Amino acid sequence: MGHTASRICTLLSILFVSCMLASAANDGLIRIALKKRPIMESIYGDLVPKSGTVDHEVALGYSGVRMNSADEGFYDPVTEAINHVRVHQQRMLRDIEAAAMEGRLKHFWSYRGFRERGSLKNGTQNHPLALKNFLNAQYFGEIGVGCPPQNFTVVFDTGSSNLWVPSAKCVFSLACYFHRKYESRSSSTYMENGTPASIHYGTGSIHGYYSQDQVTIGDLVVNNQEFIEATHEPGLTFLAAKFDGILGLGFKEISVEGADPVWYNMIQQSLVTDKVFSFWLNRNANDINGGEIVFGGADESHYKGDHTYTRVTRKAYWQFEMGDFLIGGRSTGICVDGCAVIADSGTSLIAGPIAAIAQIHAHIGATGVANEECKQVVARHGHEMLELLQDKTPPAQVCSKIGLCKSDGAHGISDGIESVLGETHKSADEVSDATCNACEMAVTWMQSEFVQNHTKEGKLEYANQLCGNMPSPVGSYVDCRHIGNLPNVAFSIGGRAFELTPEQYILKFGEGFLAHCMSGFTALDIPPPIGPLWILGDVFMGAYHTIFDYGKMRVGFADSA
């Protein structure tokens, strides 16, 4: 027994040292390579890690993360965007954990099991499961796999579609030694499958193979569920994770190897009467009730008024359309013609077009980074840009008319991800993509200022101010003393303006002089026709109770109670 313990300790030491050597740079920092689009690289430069390149699937409009390991060329730009946001989320969580006082962690990391049920719509046909709330940044729940059930803590993630848990055969990944593992020999309902599978999340990846067993979620038992036994969890991402695995609630269209998601099998096995599930996320991190997911309906005690519904426009993620985005009641001009939106329970933050996030951060005084390319464009071409806008030139044509972009509509802020994983390509006359991106952002900002009837100098000063304080890729901090004076923001969805107060979109951790406040917004850009894209994560879903209606292909929001 002593020799076995000694061998395990030796193995862990070797794995830990090898991980550190493999991922640590000369400055001692641990970096995870990311795939970035030119606009992000041009703004943040060396602050943003870079990765290799792959061919862009123009015909399909996909690039980013492999959905089917059998198809080496199948990539999805929306998944790439979600991954980018979750990388930022992991950095944010490290900061929050470092700042949180040890004596307060017991309030954040608590789990009472099932809370006393309130008024469940449709009575006994609903199946609630309590969630844990970790620092208002991540929410988890307990499931069982096998018979008798082997318990695992999982993220219920509407941004992916597969179920995976660590396997007992995972012996060469350090992360597996810090989480519960599935042992197929201990389950009487296990069925062998063996199909290899890999999932790349951006913040990390898992590799393993499919197995089949029953899955227990609350009082529901899903039979013959395909799931991935993770035999390899490389890197350090999942090592510090507070969860064992992930249970995807997205559509089958993005399921690796086309496996039926757990939610699909709930429906096929008639475990739920209504084809809906709903989330209530408690934003009071001191409350022992972290939140709740209900399969088959919604708990009426967790929302006020009626839900406003909007139809699903892309059957992959829970994606829909939104109208304008407003700051303090003013239009930002970003989504006046519509933007795509994803409701994502697996993402902590709200992510959106960088031109919009820059405007938000300017209004709330968030820390950022300067973009010299942008400042130079405004200084050299600002007056000409304003004159074209005053002459009613369509904003999309301004930058090409002054020679900073290749052609009208061929390249733009939202279009900058065209070569998501490729190198930056310049046109024949060597026009810089970075210059074009900077120009189009400045045009957007100037256009939004026309509504306010500001002077020409005022518009130029505003654009220059935003250029000097772009959203930081490592988190944008806000002065906690000024939260009460910050403006509300609003998303126009289904004909209703869904407002967020600063108390809702600012993440505060710590108390007194140790308190830190961070913006709940982060930047990304996705090209047309899929973008511009917003990702509404827990910051939004915490304020608004969310119903995912598979039967009617729609998403609904109501004020949380």
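The model is predicted, so local features are reported only where pLDDT is at least 70 and side-chain atom pairs count only at pLDDT 80 or more, whereas totals for chains, interfaces and linings use all residues. Residues are numbered from 1 along each chain as its sequence is written, and side-chain values use heavy atoms, with hydrogens and water left out. Helices (H or I, at least four residues) and strands (E, at least two) are DSSP runs, numbered from the N terminus.

**Disulfides**

- The structure holds six disulfides, a disulfide being a pair of cysteine sulfur atoms within 2.5 Å; with bonded cysteines counted along the chain, the pattern is 1-2, 3-4, 5-10, 6-9, 7-8, 11-12.
- Cys170 and Cys176 are one of these pairs, with sulfur atoms 2.0 Å apart, and the torsion about their S-S bond is about 80°, so this disulfide is right-handed.
- Both Cys170 and Cys176 are buried, where buried means under 20% relative accessible area, exposed means over 50%, and partly exposed lies in between (1.4 Å probe, protein chains only).
- Cys335 is joined to Cys339 with an S to S distance of 2.0 Å, and here the torsion is about -90°, so the disulfide is left-handed; both of these cysteines are buried.
- Cys480 is joined to Cys517 with an S to S distance of 2.1 Å, and the torsion about the bond is about 120°, so the disulfide is right-handed.
- Cys480 lies in the loop between strand S22 (477-478) and strand S23 (489-493), while Cys517 lies in strand S26 (residues 516-519), so the pair ties together parts that are 37 residues apart in sequence.
- Cys480 is partly exposed, with a relative accessible area of 21%, whereas Cys517 is buried, with a relative accessible area of 1%.

- Strand S3 (residues 127-134) runs antiparallel to S4 and is joined to it by three bridges, two strands being counted as paired if DSSP finds at least two bridges between them.
- Phe134 has Gln138 in S4 as its bridge partner, and in the hairpin of S3 and S4, which has three residues between the strands, Leu135 takes a positive phi near 60°.
- Strand S5 (residues 150-157) also runs antiparallel to S4, with five bridges joining them, and the bridge partner of Glu142 in S5 is Thr153.
- The hairpin of S4 and S5 has four residues between the strands, and Gly146 in the turn has a positive phi of about 95°.
- S4 pairs with strand S8 (residues 205-217) in the antiparallel sense over two bridges, and Gly144 has Thr216 in S8 as its bridge partner.

- Six strands form an open sheet with mixed pairing, in the order S14-S15-S18-S28-S19-S27.
- Strand S14 (314-315) and strand S27 (521-523) stand at the edges, each with a single partner strand, so one side of each is left without a neighbour in the sheet.
- Strand S19 (residues 350-352) and strand S28 (residues 533-536) pair in the antiparallel sense over two bridges, and the bridge partner of Ala351 in S28 is Ile535.
- Helix H6 (residues 354-364) lies across S19, S27 and S28 and runs at about 140° to S27; axes are lines fitted to C-alpha atoms, for helices over the stretch in contact, and angles run from 0 to 180 degrees between N-to-C directions.

**Helices H7 and H9**

- The axes of helix H7 (residues 372-390) and helix H9 (residues 433-450) come within 9 Å and cross at roughly 50°.
- H7 and H9 are therefore oblique to each other, since angles under 35 degrees count as roughly parallel, over 145 as roughly antiparallel, 65 to 115 as roughly perpendicular and the rest as oblique.
- H7 passes H9 in a right-handed crossing, in which the near helix is turned clockwise from the far one by less than a right angle, anticlockwise being left-handed.
- Residues of H7 including Glu373, Val377, Met385 and Leu389 meet a set in H9 that includes Ala434, Ala438, Trp445 and Phe450, contact meaning heavy atoms within 4.5 Å.
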